[in-house]
Amino acid sequence: MDALFAVGFQASAALTDWEAEGRAALEARKAVRPIGGPAKNVILFIGDGMDVTTITAARIHAGQQAGGTGEEHVLYFENLPFTGFSKTYNTNLQVPDSAGTATAMLSGQKTKAGVVNVDQTVARGDCDASLDKRLPTIIEVAAETERAIGIVSTARITHATPASVYASSPDRDWEADSDLPRQSQCTDIAAQLIEAGSAYDIRLALGGGRRNFFPEAMADPEYPDRNGDRADGRDLTAAWRALSSDHQVVFSADELAATDRGAKVLGLFEPSHMRYEADRDEDGAGEPSIAEMTSFAIERLAADEEGFFLLVEGGRIDHAHHEGNAYRALTDVIAFDDAVKVAMEMTDPSETLIIVTADHGHTMTFAGYPHRGNPILGVVRSVNGQGQADALPVQANDQKPYTALSYANGPGARIVPATESARAGRPFVTDQEALTEDYRQQATVPLFSETHGGQDVGVYAVGPGAHYLSGVNEQTNIYYVMEDALKR
């Protein structure tokens, strides 16, 4: 195998002046200087489930879509000058969930899996224990320093990560009042967003999750056969509008674009999560992309002279991984990257701290010695003795091809029965099948939903205080860097 690496490297090295490239990279790195704080603005980008393997695969996929071999491509956020790693464990899990990890980043406190902004002593679902255990979050820091606040997500706006900006709950699933235990003293997450809109300067909250704001008797404006989830009869969209004459609610991209300049906007674009980027054009009402929501958010928030805090979550990267569908995960990473690019173009790095990271990883692997330029979603073809790409796929010990990307567990784990021409085992996969949008990569351990991974995730940063995130960080460090940047 070492010889295979050597041959493959020599073939590609002959086409690239590695010395010139390396010296240019060194000079560019030498020119980087830390920027002192404080920051006027802070933007935290969280790619849900966007671990380093996912970033690598998305980079190659984007490069191949642009006509290159892919490996040499660079995602926009990978150009940010300061990088590090974040340790993602919860206080009770080696492999974390998003509520605990989001709490770590937005409150500065690690806690148990499944809880939102309550401390680590609270058991999931224990309302009584949680009532005096609320953790203060970055929203309080923004309020104390008179910053405007924005929240953007492609998931439900009441989902774990966006909820961690404004809510406290001993169970991340208590998104509507119908999710609460009977006679509970706790408040559901959707209702907490309305309360936060009254207490804090939230200029916008954009994402999915309409059903948690509508009563059970109220039909969805886009899908008349679907009703809301609220059992208390409240229409929380009306409650948002009632906060002031500036508070507006929108359900489509066109409505978002038509809002008044000074409006405080609640944008709810789907009953549940927003669509994957690959499927967004199929939405009849018209959903904004994550880049469009980010652009809208910065344009509106930048009007505040004191500055702003903005959370942007690419929430559906995670969901595609859970479905074992690498195509949609990578496509959503590329859309997320577009949003970072928009933010960089619309802000000044001397006054805006931008952090790009993930809450946790997944179990997707990238392996098998594919040749340079092998389609990242395709079956593996390696190289011959001359270092050139083989025409035929590599066969595993079961005489079947395999793809460059696979999962350690998930719904892609299937066993097919034996036939006259083949033994029982995993399915035979071809490029024609593997390169379709709906293909679920093969997995080792069969599970209904693929799980998170426990590996560290990357942190990419620019702006005042960005250099403090170099090296290996506890995930909580991200909060304290943001807090330091916001405090004058």
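## Second largest pocket

Nine nonpolar, six polar and two charged residues make up the lining of the second largest pocket (Ala, Val, Leu, Ile, Met, Phe, Trp, Tyr, Cys and Pro count as nonpolar; Asp, Glu, Lys and Arg as charged; the others, Gly among them, as polar). The model is predicted: local features need pLDDT of at least 70 and side-chain atom pairs 80 or more, while totals for chains, interfaces and linings use all residues. Residues are numbered from 1 along each chain as its sequence is written, and side-chain values use heavy atoms, without hydrogens and water.

This pocket (an open set of points on a 1 Å grid over the protein atoms alone, with protein on both sides within 12 Å along at least five of seven lines) has a volume of about 310 Å³ (the space filled by probe spheres set on points joined across faces, edges and corners). Ser 406, Arg 426, Gln 442, Ala 443 and Thr 444 are the closest to its centre among the 17 lining residues (those with an atom within 4 Å of a point). Two or more of the lining residues come from each of β11 (405-410) and β12 (443-446) (strands are DSSP runs of E, at least two residues, and helices of H or I, at least four, numbered from the N terminus). The largest share, four residues, belongs to β11.

## Largest cavity

One cavity of 30 Å³ or more is found in the whole structure (grid points where a 1.4 Å probe fits but cannot get out). The largest cavity holds about 100 Å³ of space.

Its lining has 15 residues, with Thr 154, Arg 275, Glu 277, Ile 290 and Asp 332 nearest the centre. By class, seven are nonpolar, three polar and five charged. Helix α13 (residues 326-346) contributes the most to this lining, with three residues.
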